[in-house]
Amino acid sequence: MKRAGKGIKLLLILVLFYPLLFLLAGSLTGEMEISEWILFPQYPTAVSYVELLFDIPEFYVLFWNSVSYVICIIAGQLAIAVPAAWALTNIRPAVRKVIIVTDIVVAVLPFQVRMLPEYLVLKDLNLLDCPAGIILPEVFSTLPVLIMYYSFSNQPKALKESARVDGATEFQVFYKISLPVAVPAIVTCVILALLEYWNMIEQPLMFIKNKSYWPLALFSPRDAEYGMGVVFAMAFFLSVFVLLIFMLLQKYFEEGLSTISKE
C-alpha cells in the first residue's frame, strides 16, 4: 500500500509538472529536433536562452513592463484594500452586508463583462494606450478587500478590546495589532494578484496599441524572426518566475486561506 501511495504521488507530481518539463525540453531543443516534437532532445542546447537574453532587447522591455504592472497594481490594491477592509469591520452590520454582497458580485464578474465599460471610461479619461489604463482599473479590485475583511473579522475581538482598554487609539489597534496578524492575508492578496496580472493578456490587447507597453505574456514569435526554442525559453522563464515566488510564500498563502475559510 505504501508503494502504491508513493507511486500515485509520483504520478501526480509528473502530471502537474509535465507542462513545465515540456517547456524546458522545448527550450533546450535545437531547431532541427523541435520540428519533430521530441520531448527529450538528443542534443540539448542552450542557444535559445543565449538568443533570448543577449540578442532580443525586446525581452527586457516586456519583462520590465510586466514587473512594473504587477508592482504598481499590488501596491495600489493593498493601499486601498487594507484600510477599506478595516473600515468595513467598524460599520453597521446592515450596511456592511450590502457592501460585501456588492463586492462579491463585482469580484466574480469576468473581464469580458467589464471590458466595454472600462474601455469607455478609459477613453473618456484619455487613458487608453498608456500604462495607467492597465493599472488603474485593477487597483480598485474588490477581491483583496474581501480577503482582508475576512482576515480582520476573524481576529480575536478580546485582543482588540484589551488594547482599547489600555488606552490604545483606533489607529494603534489597527497598525500594531490587527495589521501584523493579517500578514498571511496580505501575502495571499499579493500571490493571487501576481498569478493574475503577471500573465494578463486581455487588458493590454484591448487597451494598448503601442507594443512597447505590452507585458511579457504577449511576447510573440510572429513579431520578429524568433525560433520556436526562444518562445519555449521565454514561456519557461515566465512560468518559473511565478512558481519560485509561490514556493517561497506558500506557508503564508496557506495561512491566509485558512483565515478566510473560517468565516
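This note sets out numbered points on the predicted model shown above.

1. Main nonpolar core. The largest nonpolar core of the model has 33 residues. Leu52, Trp198, Leu216, Phe219 and Met234 are the residues with the most contacts inside this core. Several helices take part: H4 (57-88), H6 (111-124), H7 (132-139), H11 (183-197) and H13 (228-248) each supply at least two of its residues. Among the contributors, H4 gives the most, with seven residues.

2. Second core. A separate core of 21 residues is also present. Its members include Ala85, Trp86, Tyr149 and Ile186.

3. Leu88 lies in helix H4. Is this residue, Leu88, buried or exposed? Its relative accessibility is 6%, and because buried means under 20% relative accessible area, Leu88 counts as buried. Leaving aside residues up to four places away in sequence, Leu88 touches Arg96, Ile99, Asp103, Val145 and Tyr149. The pair Leu88 and Tyr149 deserves attention from a student reading the sequence beside the model: these residues are 61 residues apart in sequence, and their C-alpha atoms are 6.9 Å apart in space.

4. Largest pocket. The space in the largest pocket comes to about 310 Å³. Its lining is made up of 21 residues, and Ala107, Arg114, Ser141, Glu196 and Tyr197 lie nearest the centre of the pocket. Helices H5 (93-108), H6, H7, H8 (143-153) and H11 are the elements that give two or more residues to this lining. Which helix provides the largest share of the lining of the largest pocket? That helix is H11, with five residues.

5. Sorted by class, the residues lining the largest pocket are 14 nonpolar, three polar and four charged.

6. Cysteines. How many disulfides does the structure hold? The number is zero. In general terms, a disulfide is a covalent bond between the sulfur atoms of two cysteines. Two cysteines may be considered individually. Cys189 has a relative accessibility of 5% and therefore counts as buried. Cys130, at 19% relative accessibility, counts as buried as well. The cut-off matters for reading the value of Cys130, because a residue is called buried under 20% and Cys130 stands at 19%.

Definitions and conventions:
Residues numbered from 1 in each chain as written. Predicted model: local features only at pLDDT ≥ 70, side-chain atom pairs only at ≥ 80, totals over all residues. Heavy atoms only, no water. Core = buried A, V, L, I, M, F, W, Y, C linked by side-chain atoms within 4.5 Å. Buried < 20%, exposed > 50% of the residue type's maximum accessible area, 1.4 Å probe, protein only. Helix = DSSP H or I, 4+ residues; strand = E, 2+ residues; numbered from the N terminus. Disulfide = S-S within 2.5 Å. 1 Å grid on protein atoms, 1.4 Å probe; cavity = no way out; pocket = protein on both sides within 12 Å on 5 of 7 lines; lining within 4 Å. Points joined across faces, edges and corners; volume = space filled by probe spheres on them. Nonpolar A, V, L, I, M, F, W, Y, C, P; charged D, E, K, R; others polar. Contact = heavy atoms within 4.5 Å.
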